[in-house]
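Student: I would like to go through this model with you, step by step. Could we begin with the sheet and then move on to individual residues?

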Amino acid sequence: MTVRVLLVDDQPLLRTGFKLILEAEADLTVVGEAGDGAAAVELTRSMLPDVVLMDIRMPGVDGIEATRRIVREGAATHDPRVLILTTFDLDEYVIEAVRAGASGFLLKDSPPEDLVTAIRIVAAGDAIVAPSVTRRLLDKFASRLPAVRESEPAPGLDTLTDREREVLSHVARGLSNAEIARELVVSETTVKTHVGNVLAKLGLRDRVQAVVYAYETGMSRPGQTDRL
């Protein structure tokens with residue numbers, strides 16, 4: 001199956017570079033390019049890409065608002081996935097991008113093979129960010145998350161089984177499915193099933209949003225893991 005990609009960046013030279021990388025892959029095709037968020041929303045409607053490779057800082061409608069619109073509109077149609085492009089000096093925007101519905105994020109200076117792999121993973125419906133990277137960013141910008149009201153139960157948490165809560169806590173620590181399987185002495189397939197159940201019950205798109213949920217509900221706090 002060919003993955004249809006829409007490139008969104010206000011720098012034409014960068015778009016050209018990304019296009020050359022992606023078009024060299026047999027299973028990836030670039031269906032359009034946009035230089036701002038408003039154009040990205042329009043092209044997503046008309047071109048129906050599987051993955052939108054989205055820059056954050058652009059003139060007019062920025063990447064976060066464009067992501068929000070694309071995810072909202074796409075939920076009723078073809079459900080495109082948004083992969084955010086960021087740089088170290090823009091990491092503070094990542095939390096807002098995830099909240100807007102992005103499936104993950106990638107550094108602009110990542111190797112070409114990482115970009116290709118990331119697009120394939122996002123197209124398959126998973127998040128592309130290594131959990132440990134997600135945790136580092138969340139720890140760094142935890143102050144941007146709303147304060148947890150200790151007296152109130154976490155929304156949706158009561159729908160999870162004890163095992164599902166345990167799995168969620170490990171996801172929030174930054175463990176992969178294989179690592180969680182070793183911790184709990186179960187198969188990786190079993191862990192994958194539990195993760196899927198957690199996402200479905202909590203209405204989350206992927207592991208990235210699961211980590212955000214764990215922070216927002218107080219299940220996880222900055223500095224609770226030694227994997228950072």
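Student: How many bridges join β1 to β2?
Tutor: Six bridges join β1 to β2, and the two strands run parallel. Two strands count as paired if DSSP finds at least two bridges between them. Helices (H or I, at least four residues) and strands (E, at least two) are DSSP runs, numbered from the N terminus. Within this pair, Val-8 stands opposite Ala-34 in β2.

Student: Before we continue, what kind of model is this?
Tutor: This is a predicted model: local features need pLDDT of at least 70, side-chain atom pairs count only at pLDDT 80 or more, and totals for chains, interfaces and linings use all residues. Residues are numbered from 1 along each chain as its sequence is written, and side-chain values use heavy atoms, with hydrogens and water left out.

Student: What is the strand order in the sheet?
Tutor: The order is β2-β1-β3-β4-β5, in an open sheet of five strands with parallel pairing. The edge strands are β2 (28–34) and β5 (104–107), each of which pairs on one side only. From one strand to the next, the twist averages 25°; axes are lines fitted to C-alpha atoms, for helices over the stretch in contact, and angles run from 0 to 180 degrees between N-to-C directions.

Student: And what holds strands of a sheet together in general?
Tutor: Strands of a sheet pair through backbone hydrogen bonds, either parallel or antiparallel.

Student: Is β1 enclosed or open to the outside?
Tutor: Strand β1 is largely enclosed by the rest of the structure, because five of its six residues are buried. Buried means under 20% relative accessible area, exposed over 50%, and partly exposed in between (1.4 Å probe, protein chains only).

Student: What about the β5 side, how many bridges are there with β4?
Tutor: Strand β4 (residues 81–86) and β5 pair in the parallel sense over four bridges. The bridge partner of Leu-85 in β5 is Leu-106. Leu-83 is also found in β4, and it is buried, with a relative accessible area of 0%. The C-alpha atoms of Leu-83 and Gly-104 are separated by 5.4 Å, although these residues are 21 residues apart along the chain.

Student: Which helix lies across β3 and β4?
Tutor: That is helix α3 (residues 63–74), which runs at about 160° to β3 (51–55).

Student: Now Asp-55: what does UniProt annotate there?
Tutor: The UniProt record, an unreviewed entry, carries the annotation "modified residue: 4-aspartylphosphate" at Asp-55. UniProt positions are given in the numbering used here, feature names are shortened, and annotations may be inferred rather than shown by experiment. In the model, Asp-55 lies in strand β3 and is buried, with a relative accessible area of 3%.

Student: Which residues does Asp-55 contact?
Tutor: Leaving aside neighbours within four places in sequence, Asp-55 is in contact (heavy atoms within 4.5 Å) with Val-8, Asp-9, Asp-10, Gly-63, Leu-85 and Lys-108.

Student: Changing topic, which residues touch the most other members of the largest nonpolar core?
Tutor: Of its 20 residues, these are Val-8, Val-52, Met-54, Ile-70, Val-82 and Ile-84. A nonpolar core is a set of buried Ala, Val, Leu, Ile, Met, Phe, Trp, Tyr and Cys residues joined through side-chain atoms within 4.5 Å. The elements that give two or more residues to this core are β1 (3–8), α2, β3, α3, β4 and α4 (94–100). Helix α3 gives the most, with four residues. A second, separate core of 19 residues includes Leu-157, Val-167, Val-171 and Tyr-213.

Student: Where is His-170, and is it buried or exposed?
Tutor: His-170 lies in helix α7 (residues 162–173) and is buried, with a relative accessible area of 9%. Not counting residues up to four places away in sequence, His-170 touches Leu-175, Ile-180, Glu-183 and Leu-184.
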